[in-house]
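The sequence and the model are shown below.

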Amino acid sequence: MKKIISVTCIALLCALLFTACKQSAQDQIIGDWSDSLRSRGYSFGSDGAVKITFFSYKLPKTGRFSFLDGILNLIDQGLTWEGNGSYTLNEKENTLTVRYTLYNKTVTDVYGYAFTDGNLTLTDLEDSSSTTFFRQGAQSTDNTNPN
């Protein structure tokens, strides 16, 4: 009887440790992410807010130009669109929904998501295209990450 109780306790302890170590998708997504070309990035907050960056690369021409409200920024040879929005994760359906406004139009993007080796892969549910994003900043532990 003692052996059965001991084995049961060890099994329960192992199960508890295994489930306690696994981070939820909501915890894993918090932080800054960028694709390998740095043409698209997301900064996910714990409050459901997201900052989105498109086309953050250098152009061959020089000059300074700017629009208000973060729509277009051609300063120091860079072309960047940054916007704020919101996101929701549905862990049961394994989907990420990102909502933001672009040129006075509300945009809703829905992706399938996967966390693999510390990276985030988003798959567009409309056309099945996938993009892998790498964690940026202090939380990154992958040395091959294009920081």
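Is Lys51 buried, partly exposed or exposed, and what is its relative accessibility? In this predicted model, Lys51 has a relative accessibility of 38% and counts as partly exposed, because that class lies between 20% and 50%.

**The salt bridge**

Lys51 takes part in a salt bridge with the side chain of Glu82, at a distance of 3.5 Å from N to O. The two residues come from distant parts of the chain: Lys51 lies in strand β3 (residues 49-58) and Glu82 in strand β6, and they are 31 residues apart. Side chains of opposite charge can pair when their charged atoms come close. Glu82 has a relative accessibility of 34% and is likewise placed in the partly exposed class. The count of salt bridges in the model is one, with a cut-off of 4 Å between the side-chain nitrogen and the carboxyl oxygen.

**Strand pairing around β10**

Strand β10 pairs with β1 and with β9. Strand β1 (residues 31-35) runs antiparallel to β10, and four bridges join the two. In this pairing, Asp32 stands opposite Gln136 of β10. Strands β9 and β10 are also antiparallel, and four bridges are found between them. Here Leu122 has Thr131 of β10 as its bridge partner.

**Positive phi angles in loops**

Which residue takes a positive phi in the hairpin of β9 and β10? The residue is Ser128, with a phi near 65°, and the hairpin has five residues between the strands. Ser128 is found in the loop between β9 (119-124) and β10 (130-136). Its relative accessibility is 57%, so Ser128 counts as exposed, the cut-off being over 50%.

Asn94 is another residue with a positive phi, about 60°, although it is not a glycine. The loop that holds Asn94 lies between β6 (78-90) and β7 (95-102). Asn94 is partly exposed, with a relative accessible area of 37%.

The relative accessibility values of the residues discussed are set out below.

| Residue | Relative accessibility | Class |
|---|---|---|
| Lys51 | 38% | partly exposed |
| Glu82 | 34% | partly exposed |
| Asn94 | 37% | partly exposed |
| Ser128 | 57% | exposed |

How values were computed:
Residues are numbered from 1 along each chain as its sequence is written. This is a predicted model: local features need pLDDT of at least 70, side-chain atom pairs count only at pLDDT 80 or more; totals for chains, interfaces and linings use all residues. Side-chain values use heavy atoms; hydrogens and water are left out. Buried means under 20% relative accessible area, exposed over 50%, partly exposed in between (1.4 Å probe, protein chains only). Two strands pair if DSSP finds at least two bridges between them.
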